[in-house]
Amino acid sequence: PTMPSTTGRDALLVSGGALIGAASCYLAVRKRSRSISDAKHADESTPQLTTCPSPDDLPPFARALESDSALHRVSLREWEDEGWRQQSGWLGRDYIHNKASKAVRVLSYYYNDTDPSREMIGVVWFGPDAESHRGLCHGGAMSSLMDDFCGHCAFVTSDAPWSGATVQVNVSLKKPVKVGSVLRLVGRVTKRERRKAYVEAVLDDGGEEPVIHAVLEGLSIDGVQMSEQEDEISKRQWEVHTCDDGRRHRRDSGWNIKAGSIKLSDLGET
């Protein structure tokens, strides 16, 4: 047979290379399109676990608590006013109530002083910085939360915030908490003996048939002076304040202290 000329062979090679290149480009584009489609589908079907949900995206139990006019929302100024906190002698952010935290964060505490049980209820978010096992939160995050709740549950039923100290926290971990969970914390002071306040609480999912994640039995002692300073902040009392939207707050009298009025030099700082 007659062999093709050199020019013919070159043309065939060029044509073949062009076809191979076009096919490779087509496959690459198709693969990229499929990857983008899969990623988009994943974004639509997988909840965002790394950011705290907005109030409208909270579970039904949390929205019901916020709309319940019988409840007081517990509010300490050092949780809400970062500037005032820094100017008043605190050195950092609150471990449990830090609004920028991506670990365990209390979104709100509520208290009903007219209910005989005098329960305090919390709404809590467990973020990615509380993670231990893959996708699950550290048991220490639950224990730290229970420590905070035990103290404030005792304080809110007394005359003043920070009116004592938690001295015992017994936490039974019942079920792991998934990263991104918003859970409910319900507890109360079950008994008082002189200065001792016994607190019990349950951490659950807030459902009609609640799934329990942890149980607390704690002890707080009234009248323990934790701060070495004697100033307006250490002498704060509870007040009931009604906001413009009608929400009642059980808040500390520190909201009446002018920002910057506490001299850091009086606290041993320069």
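Colleague: How do you know that Glu-239 and Arg-251 meet in a salt bridge?

Modeller: This is a predicted model, and the distance is computed from its atoms. The N to O distance between the two side chains is 4.0 Å. The cut-off is within 4 Å, so the pair counts as a salt bridge.

Colleague: What parts of the chain does that pair link?

Modeller: Distant ones. Glu-239 is in strand 8 (residues 238-242), and Arg-251 is in strand 9 (residues 248-252). The two residues are 12 residues apart.

Colleague: Why is Arg-251 called buried?

Modeller: Its relative accessibility is 16%. Buried means under 20%, so Arg-251 is buried.

Colleague: Is Glu-239 buried or partly exposed?

Modeller: Partly exposed. Glu-239 has 25% relative accessibility. That value falls between the 20% and 50% limits, so the label is partly exposed.

Colleague: What makes Arg-192 and Asp-222 a salt bridge?

Modeller: Their closest N and O atoms are 2.5 Å apart. The limit is 4 Å, so the pair qualifies. This pair also links distant parts of the chain. Arg-192 belongs to strand 5 (residues 182-193) and Asp-222 to strand 7 (residues 212-222), 30 residues apart.

Colleague: Where is Ser-163, and why is it called buried?

Modeller: Ser-163 is in the loop between helix 5 and strand 4. Its relative accessibility is 17%, under the 20% limit, so it counts as buried.

Colleague: Which residues is Ser-163 in contact with, leaving aside its neighbours within four places in sequence?

Modeller: Phe-155, Ser-158, Ile-221, Asp-222, Gly-223 and Val-224. Asp-222 is the salt-bridge partner of Arg-192.

Colleague: What volume does the largest pocket have, and which residues are closest to its centre?

Modeller: The largest pocket holds about 930 Å³ of space. Of its 35 lining residues, the closest to the centre are Trp-90, Trp-162, Met-226, Ser-227 and Arg-236. Helix 5 (139-156) and strand 4 (164-173) are the elements that give two or more residues to this lining. Helix 5 gives the most, with 6 residues.

Colleague: What classes of residue make up the lining of the largest pocket?

Modeller: The lining has 13 nonpolar, 14 polar and 8 charged residues.

Colleague: What about the second largest pocket?

Modeller: Its volume is about 390 Å³. Of the 20 residues in its lining, Leu-58, Arg-73, Lys-99, Leu-107 and Ser-108 are the closest to the centre. Strand 2 gives the most to this lining, with 6 residues. By class, the lining divides into 12 nonpolar, 2 polar and 6 charged residues.

Key. Residues are numbered from 1 along each chain as its sequence is written. This is a predicted model: local features need pLDDT of at least 70, side-chain atom pairs count only at pLDDT 80 or more; totals for chains, interfaces and linings use all residues. Side-chain values use heavy atoms; hydrogens and water are left out. On a 1 Å grid over the protein atoms alone, a cavity is a set of points where a 1.4 Å probe fits but cannot get out, and a pocket is an open set with protein on both sides within 12 Å along at least five of seven lines; lining residues have an atom within 4 Å of a point. Grid points are joined across faces, edges and corners, and a volume is the space filled by probe spheres set on the points. Helices (H or I, at least four residues) and strands (E, at least two) are DSSP runs, numbered from the N terminus. Ala, Val, Leu, Ile, Met, Phe, Trp, Tyr, Cys and Pro count as nonpolar, Asp, Glu, Lys and Arg as charged, and the others, Gly among them, as polar. Buried means under 20% relative accessible area, exposed over 50%, partly exposed in between (1.4 Å probe, protein chains only). Contact means heavy atoms within 4.5 Å.
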